[in-house]
Structure formats: structure tokens, C-alpha cells
Amino acid sequence: MTLDRPQGRMLLAHNFALTETIVPEISREAFVSLFLEELGDRTDMSCRPLDHAHWMLEILFDPEVLEPKKVGEICAEALAETRKIQKVYPKSFYNILILAGQKQTPVASSDPDSLQTGEWGVDVVETESIAAFLDSIGWKEENDRKPTIFRVELQV
């Protein structure tokens, strides 16, 4: 990836809202490794693990080449590829949900691994019911309040 152009930055966290009868819970290390492996050969983005309590992975991308929502779609597909083979019952279905918001408020931490103003915070969610999960976090209210958010849904 070329470093002389402006970079987009996304920080990923994982939210496992399933029972292990569908797919086993994945550790922080395995989550990060999965993305490093699945996205490692791409020339239009780069990834690195983070040492942060919430954020697990940083993805840098060129916003002139990839729109943020496209990066979210790539992340959903990368997780789905690995998780398809990890299902307890291969014919079962669940959803991967990418919920992203661009930070608009001032930064409260000087930690370089924290989300900075203008960057994308992304929750990678595994859930049986998208509607129930979105209701549980008040997504509609959040969506109405913040114009710089997007979501990606993928059934696995």
C-alpha cells in the first residue's frame, strides 16, 4: 500500500452474540490472526494487531481506492470464509454484522491504538438475529443521531 496518500483507518472489535452450538467462540488472538491471514496478501490495505482493551485490529486503506463500507464488506467476507468451516452443524445459519461509525468527537486518550477523530470504529458482530441485536444496542437511535455510520450484513 502506498504511504504517500491519505490513509483511512479502521479499528476492529469483536462481539460474539451466539451460542457455541452454532460456531465456537473465537479468542482475541485467533480473531486477529484470521484477519492478518485473510487480508495479508491484499495490496489495497494493511493490518496490524493492537494492544488495546477494546480494539483488536487496525486496518489502513486508501480511501481513494476503497470506500469504508467496501472495507467492511471485505472484513465480513474474510470472517465468513474461516467461520463457515468452524460451524458445529454445517447446515446451520447465522449472521455477520459489521457496524461502523466514524468518530466525530475529540480524542480522550493519547494512546496511538485508540480511535482518533475521523477514524472508523467497527464492531464485527456474530449473531443469530440481526434485528434483535440492533434493538439491544439501540441502533436506530444511534443511526438517527450519527450520519457517518454504515452497516454490512452477511449470512453464513
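This is a predicted model: local features need pLDDT of at least 70, side-chain atom pairs count only at pLDDT 80 or more; totals for chains, interfaces and linings use all residues.
Reader: What makes β4 and β5 paired strands, and do they run parallel or antiparallel?

Author: Pairing requires at least two bridges between the strands, and 8 bridges join β4 (residues 95-102) to β5 (residues 120-127), so the two count as paired; they run antiparallel. Two positions illustrate the pairing: N95 has T127 of β5 as its bridge partner, while G101 stands opposite G121 in β5.

Reader: What joins β1 to β5, and how do these two strands run?

Author: Here too there are 8 bridges, but β1 and β5 run parallel. Within this pair, F16 has E126 of β5 as its bridge partner.

Reader: Why are β2 and β6 said to stand at the edges of the sheet?

Author: The sheet is open and has 6 strands in the order β2-β3-β1-β5-β4-β6, with mixed pairing. Because β2 (45-49) and β6 (149-155) each have a single partner strand, one side of each is left without a neighbour in the sheet. On average, neighbouring strands of this sheet are turned by 20° against each other, direction ignored.

Reader: What makes β5 a strand that is largely enclosed?

Author: A residue is called buried when its relative accessible area is under 20%. In β5, 7 of the 8 residues are buried, and therefore the strand is largely enclosed by the rest of the structure.

Reader: Why is Y89 called exposed?

Author: The cut-off for exposed is over 50% relative accessible area, and because Y89 has 55%, it is classed as exposed. Y89 lies in the loop between α2 and β4, and it touches T21 and I22 when residues up to four places away in sequence are not counted.

Reader: Why is α1 described as roughly perpendicular to α2?

Author: The axes of the two helices come within 10 Å and cross at roughly 110°; angles of 65 to 115 degrees count as roughly perpendicular, so that is the description given to α1 and α2. Their contact is made by L34, F35, E38 and L39 of α1 together with I74, C75, A78, L79, E81 and T82 of α2.

Reader: Which strands does each of these two helices meet?

Author: Helix α1 (residues 28-39) packs on the sheet, where it touches β1, β2, β3 and β5, and its direction makes about 155° with that of β2. Helix α2 (residues 68-84) lies across β1, β2, β3, β4, β5 and β6, and runs at about 25° to β6.

Reader: Which residues have the most contacts inside the largest nonpolar core, and which element gives the largest share of it?

Author: This core has 35 residues, and those with the most contacts inside it are M10, L12, F35, I59 and I98. The largest share, 7 residues, comes from α2. Leaving aside neighbours within four places in sequence, I98 is in contact with residues including G72, C75, A76, V122, V124, F150 and V152. A second, separate core of 8 residues includes L97, F133, W139 and I149.

Methods
Residues are numbered from 1 along each chain as its sequence is written. Side-chain values use heavy atoms; hydrogens and water are left out. Helices (H or I, at least four residues) and strands (E, at least two) are DSSP runs, numbered from the N terminus. Axes are lines fitted to C-alpha atoms, for helices over the stretch in contact, and angles run from 0 to 180 degrees between N-to-C directions. Contact means heavy atoms within 4.5 Å. A nonpolar core is a set of buried Ala, Val, Leu, Ile, Met, Phe, Trp, Tyr and Cys residues joined through side-chain atoms within 4.5 Å. Buried means under 20% relative accessible area, exposed over 50%, partly exposed in between (1.4 Å probe, protein chains only). Angles under 35 degrees count as roughly parallel, over 145 as roughly antiparallel, 65 to 115 as roughly perpendicular and the rest as oblique.
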